[in-house]
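Biologist: I've got a structure on screen and a few quick questions. Can you walk me through it?

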Amino acid sequence: MAQQQQQLQIDILLRKLTSVNPEDQWSAAAEIRLLAKGNADNRVAIAEAGAIPLLVGLLSTPDSRTQEHAVTALLNLTLCEDNKGSIISSGAVPGIVHVLKNGGMEARENAAATLFSLSIVDENKVMIGASGAIPPLVTLLSEGTQGGKKDAAIALFNLCIYHGNKGKAVRAGVVSTLMKMLTEPGGGMVDEGLAILAMLSSHPEGKAAIGAAEAVPVLVEVIRTGSLRNRENAAAVLVNLCSGDQQHIVEAQKLGVMSSLLELAQNGTDRGKRKAAQLLELMNPFAEQRTGDADADADVGTSRGSVRDPVTNPTTYLFEGNLTTYLFEGNLTPYPF
């Protein structure tokens, strides 16, 4: 009986979604948002009743309240994995991007969270990246609340797993925003900023933009004083910057990175040790040259052995193991709203 009553309630709400009365649309979207918030069975029932296309249609409504409830209801429905495909096939992405660009702040942030949830699915990364979502996500990364910035960061991170989206993020100006996140006192976004930078640094445009942003001093400081994970990601960025670039190698050495790398190579995680070893190997010829010059002046010959990376492939991908839990150690599922 309770299930029948719930289904009847959902059917009534769906009829209100199609009403010509804006108040009916607003109140129905708000109730569906709440029904989908905390109950997995409701998420299935709402989708099966046909709510998703109706909610997608409301993303372009001029009523900001209805728009916010519609995008947030879709966000809550994405917490059911089976609903993600239905949302994509209903053509939701352009509407979500519209809200991300033009909605109120809460609607924009919930749109970002919806894209974050949808972009966990690999085949959605290309479509979302092609939809124009990346520039407004970068904008939100600098303008949003702390929670909104984190949702935008995870969405960008997910999207940039696809190599073709990295250049789009760089061209949208994400590197300067990420660098501010690393140096902003009390910003609380260092983990996210470094993880995205480490991913972008493997792309030619990303490497050039990070180098132009004078990132080396910041990266060296993180390697010296940051958490283990941040030291790993900073070392990963520096590996890519220094590969084939003597200027960055010399700059990092002058800033005293060698002792920090030796410590990371001994006491870091497995990935941190590998990145430190790669950097030490890149820097070793220049260290040998400087040591040799100094020893020649003192008439003392010294030879220093190189540090070899034990990994066969020196371009180890940023995230080894579970991509979706590496950056954020908790649950990578958005919270229902």
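Modeller: Here is a short chat about the chain shown above. Keep in mind that this is a predicted model.

Biologist: Now contacts. Take pairs at least 6 apart in sequence. What percentage join residues at least 24 apart?

Modeller: For those contacts, the figure is 70%.

Biologist: Let's go inside. Which residues touch the most other members of the largest nonpolar core?

Modeller: That core has 93 residues. Leu55, Leu137, Leu141, Val174, Leu200, Leu238 and Met283 touch the most other members.

Biologist: Pick methionine 283. What is it in contact with, leaving aside neighbours within four places in sequence?

Modeller: Methionine 283 is in contact with Cys242, Ile249, Ala252, Gln253, Val257, Met258 and Leu261, once those neighbours are left aside.

Biologist: Which ones are buried in α14?

Modeller: They are Glu192, Gly193, Leu194, Ala195, Ile196, Leu197, Ala198, Met199 and Leu200. Leu200 is also one of the core residues that touch the most other members.

Biologist: What do the buried residues of α14 pack against?

Modeller: They pack against six helices by name: α11, α12, α13, α15, α16 and α17.

Biologist: Zoom in on alanine 195. Buried or exposed?

Modeller: Alanine 195 sits in helix α14. Its relative accessible area is 0%, so alanine 195 is buried.

Biologist: How far is its C-alpha atom from that of asparagine 230?

Modeller: The two C-alpha atoms are 7.8 Å apart. Along the chain, alanine 195 and asparagine 230 are 35 residues apart.

Biologist: Switching to threonine 114. Where is it?

Modeller: Threonine 114 lies in helix α8. It is buried, with a relative accessible area of 0%. Leaving aside neighbours within four places in sequence, threonine 114 is in contact with Val71, Leu75, Thr78 and Ile96.

Biologist: Another loop residue, please. What is the phi of glutamate 214?

Modeller: Glutamate 214 has a positive phi of about 55°, although it is not a glycine. It lies in the loop between α15 and α16. With a relative accessible area of 63%, glutamate 214 is exposed.

Biologist: New topic: salt bridges. How many are there?

Modeller: The count comes to 13 salt bridges.

Biologist: Which residue does lysine 16 pair with?

Modeller: Lysine 16 forms a salt bridge with glutamate 31, and their closest N and O atoms are 4.0 Å apart. Lysine 16 is in helix α1 and glutamate 31 in helix α2, so the pair ties together parts 15 residues apart in sequence. Lysine 16 counts as partly exposed at 23%. Glutamate 31 is partly exposed too, at 31%.

Biologist: How far apart are N and O in the bridge of glutamate 81 and lysine 84?

Modeller: The distance is 2.9 Å. Both residues are in helix α6, 3 residues apart, and about one helical turn separates them. Glutamate 81 counts as exposed at 51%. Lysine 84 is buried at 3%.

Biologist: What about glutamate 263 and arginine 231?

Modeller: Their side chains meet in a salt bridge at 2.4 Å, N to O. Glutamate 263 lies in helix α19 and arginine 231 in helix α17, so the pair ties together parts 32 residues apart in sequence. Glutamate 263 is partly exposed at 31%, whereas arginine 231 is buried at 9%.

Notes: Residues numbered from 1 in each chain as written. Predicted model: local features only at pLDDT ≥ 70, side-chain atom pairs only at ≥ 80, totals over all residues. Heavy atoms only, no water. Helix = DSSP H or I, 4+ residues; strand = E, 2+ residues; numbered from the N terminus. Buried < 20%, exposed > 50% of the residue type's maximum accessible area, 1.4 Å probe, protein only. Core = buried A, V, L, I, M, F, W, Y, C linked by side-chain atoms within 4.5 Å. Contact = heavy atoms within 4.5 Å.
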